[in-house]
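Please look over the sequence and the structure below. The text after them is a short walk through what can be read from the model.

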Amino acid sequence: MAEKYKALIGGEWVEAAGGETTTVINPANGQVIATVPKCGIEEVNAAVSAAAAAFPEWAAKPVGERSKLLLKLSQLIMANQESIAKLETMEHGSPIRKTMNFDVPLCAEQLEYFAGVARGVTGETLPVGPWCMSMTVRQPLGVIGLITPWNFPALMLIWKLGAALVMGNTCIVKPPSIAPLTALKLGELAMEAGIPKGVVNVITGPGGTVGEALVEHPGVAKIGFTGDTATGKRIMKVASDTVKQLGLELGGKNAFIVLEDADVDSAVEGAVFGAYFNSGQVCAAASRFYVHESLYDEFAEKFVAASKTLKMGDPTDFATVLGPVAYKAHRDKIDTFVEKAKKSSAKLLLGGERPADPALKDGYFVSPTIFGDCTNDMDLMRHEIFGPVVGLCRFKTPDEAIALANDTPYGLSASIWTKDTRAGLVMASQINAGTVWINEHLIIFCETPWGGCKESGWGKDLSTMVLDEYTMTKHIYVDLTGQPAKPWYAILK
Ligand code: NDP
């Protein structure tokens, strides 16, 4: 029996005005697990009013009080670790070993980090003459719309929500339609933590109506968005009418460069993690592999062998490392990329077929798939596939590797594998991406900024830089002369 969820507006659990709902499907077996309200403009307006009403009191709280509430929320998340992890595994298909050991603890840790660093945020005094005091102060922006993706339903929300809240903003969350349940659970825990009514609102419904209405709404000061580049472009257009501030964390097509002197075994370990973590549904996933020609055959052979060892299956089983992808249309989209690549000159080295195990037939599973002998003009190497599907390409010189890595509309991340740290650092400075790892791929900390360039978007999540994203810096000038006439008034006399 599908559980019935409600949206959270102004501290009340509500249905959509018209009573419409949408279903949430478990991608591991295609079963309906829940319904959520299909909200519309009416709920968006109500949520903006509730968040605006809650803003003055929340913004006026000392940052230490807001921090304590975030810490309380962090504790409640850990107290509910198992139930949140199970919910995310059910709605998204991510293996329970990952949701339990990675997503939920990181949500809690991220809130602890925000609660700490926010208390060190300061303005500046500026050196402009002895006749005045000139200073900057940091202020919250107001009501923030957070439009979040399905690939890490809880963590991507907490990255933005924690920063926005601790800096004194109130929020309206628009979670992804295919995985909205953890966001609703986090909304419930925010209230339990004592965060006042209206400070966190969660409204479910289609991105094209609810999401876009938030972007359009003049009462919303900023949109924090993670998702597809095409959606980001649409949001930019809609936001222009109100000149709304945006933070856009969009797609990636991330290069994994194995230099001539690399340790192949380490690179293969990193490749498996970079390519298959979360079944490749990661904006920073390693998907374009550029391997020096002298190592290519060894790397390809070992990467294929290592990829065969991953256990795909029921995501509620702690032994499973690869679950299904998040929804049927997404699986079908991945299949289309694979079928097209099979017809190209790329050589299929692994996968390319639906998993044979009959137990997986009703779920949206995609086998690890590796194509060799790829060229940069192939769709496989140009588009964000967002699944466990990668392409390998040979190169001869480091300059060629840099040119290939930069030949993409995206600029989110890349990795370089080498024993020569100096060479790695020099190459890192020439790669157009927001993050470059050397001898690692996909590692992210609370303390390290995250965000890309080019069509991967702009703005930063994580680190103290995200606190700037959710504040306005105001300059205040105080005259200290006490004199009615200033020398510069002479210009009008
Ligand atoms: P979307 O970009 O469509 O979804 C992300 C969020 O945006 C969801 O909450 C969605 O709502 C909302 N949204 C959709 N359309 C609009 C709109 N016009 N205005 C405002 N908000 C909107 O991603 P998809 O879920 O469709 O995934 C498609 C592809 O995007 C994936 O295959 C992958 O390639 C990429 N992607 C990349 C991510 C990343 O981290 N870089 C994350 C997620 C996806 P709703 O769910 O209701 O449509």
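In this predicted model, helix H4 is the element that gives the most to the lining of the second largest pocket, with four residues. That pocket has a volume of about 370 Å³. It is lined by 21 residues, and those closest to its centre are Phe-102, Leu-106, Leu-155, Leu-442 and Ile-444. Two elements give two or more residues to this lining: helix H4, which covers 96-117, and helix H5, which covers 155-166.

What classes of residue make up the lining of the second largest pocket? There are 18 nonpolar residues, two polar ones and one charged one. Domain 1 (3-250) and domain 2 (254-438) each supply at least three residues to this lining.

Turn now to the largest pocket. The space in it comes to about 770 Å³. Its lining holds 35 residues, and the ones nearest the centre are Trp-150, Phe-225, Gly-227, Asp-228 and Thr-231. Sorted by class, the lining of the largest pocket has 16 nonpolar, 12 polar and seven charged residues.

Several elements take part in this lining. Helix H7 (207-216), strand E11 (222-226), helix H8 (229-239) and helix H11 (328-342) each give at least two residues to the largest pocket. Which of the elements supplies the largest share of that lining? It is H7, with five residues.

The last step is to view the protein chain as a whole. It has 15 helices and 23 strands.

How much of the chain is buried? Of its 493 residues, 55% count as buried, a class that requires under 20% relative accessible area. Contacts along the chain can also be sorted by separation in sequence. Among contacts between residues at least 6 apart in sequence, 73% join residues that are at least 24 apart.

Notes
Residues are numbered from 1 along each chain as its sequence is written. This is a predicted model: local features need pLDDT of at least 70, side-chain atom pairs count only at pLDDT 80 or more; totals for chains, interfaces and linings use all residues. Side-chain values use heavy atoms; hydrogens and water are left out. On a 1 Å grid over the protein atoms alone, a cavity is a set of points where a 1.4 Å probe fits but cannot get out, and a pocket is an open set with protein on both sides within 12 Å along at least five of seven lines; lining residues have an atom within 4 Å of a point. Grid points are joined across faces, edges and corners, and a volume is the space filled by probe spheres set on the points. Ala, Val, Leu, Ile, Met, Phe, Trp, Tyr, Cys and Pro count as nonpolar, Asp, Glu, Lys and Arg as charged, and the others, Gly among them, as polar. Domain bounds come from an automatic or database domain assignment. Buried means under 20% relative accessible area, exposed over 50%, partly exposed in between (1.4 Å probe, protein chains only). Contact means heavy atoms within 4.5 Å.
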